[in-house]
Amino acid sequence: DPLQNWLKGPLRPWVSEIISSKSFRTRGLFDVKKVDAAYADYVAADSPENAFHVWQWVSMELWYRTFIDGDGSRPPGN
């Protein structure tokens, strides 16, 4: 699964930065303790895990940053 490989590999620092950001943690959209626990389990798992939930967190935060906060955040390389 390419998404899993990217989110656990080269995009892992970027994902960690997003889900640990003040904006993500204070929006009230997600239970951040559950996100932290689920992400830790996700990156530690040797078995194939569905990366879709991680991508949902990242996508929602980037959507808010772009369309609500207006800061124009973009993924690395874009």
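Student: What share of the contacts in the protein with a separation of 6 or more joins residues 24 or more positions apart?

Tutor: The share is 62%. Contact means heavy atoms within 4.5 Å. This is a predicted model, where local features need pLDDT of at least 70, side-chain atom pairs count only at pLDDT 80 or more, and totals for chains, interfaces and linings use all residues. Residues are numbered from 1 along each chain as its sequence is written, and side-chain values use heavy atoms, with hydrogens and water left out.

Student: Which elements make up the secondary structure?

Tutor: Five helices and zero strands. Both are DSSP runs numbered from the N terminus: helices are H or I with at least four residues, strands E with at least two.

Student: Why is Trp57 called buried?

Tutor: Its relative accessible area is 8%. Buried means under 20%, exposed over 50%, partly exposed in between (1.4 Å probe, protein chains only). Trp57 therefore counts as buried. Trp57 sits in helix α5. Beyond four places in sequence, its contacts are Ile19, Phe24, Phe30, Val35, Ala38 and Tyr39.

Student: And what makes Gly9 partly exposed?

Tutor: Its relative accessibility is 31%, so Gly9 falls in the partly exposed class. Gly9 lies in the loop between α1 (2-8) and α2.

Student: Which residues touch the most other members of the largest nonpolar core?

Tutor: Val15, Tyr39, Val54 and Trp57, out of 15 residues. At least two core residues come from each of α2 (12-20), α4 (32-44) and α5 (52-69). A nonpolar core is a set of buried Ala, Val, Leu, Ile, Met, Phe, Trp, Tyr and Cys residues joined through side-chain atoms within 4.5 Å.

Student: Why is α2 called oblique to α5?

Tutor: The two helices pack at about 60°, with axes 10 Å apart. That angle makes α2 oblique to α5. Under 35 degrees counts as roughly parallel, over 145 as roughly antiparallel, 65 to 115 as roughly perpendicular, and the rest as oblique. Axes are lines fitted to C-alpha atoms, for helices over the stretch in contact, and angles run from 0 to 180 degrees between N-to-C directions.

Student: Which residues make the contact?

Tutor: From α2, Trp14, Val15, Ile18 and Ile19; from α5, Val54, Trp55, Trp57, Val58, Glu61, Leu62 and Arg65. They divide into nine nonpolar, no polar and two charged. Ala, Val, Leu, Ile, Met, Phe, Trp, Tyr, Cys and Pro count as nonpolar, Asp, Glu, Lys and Arg as charged, and the others, Gly among them, as polar.
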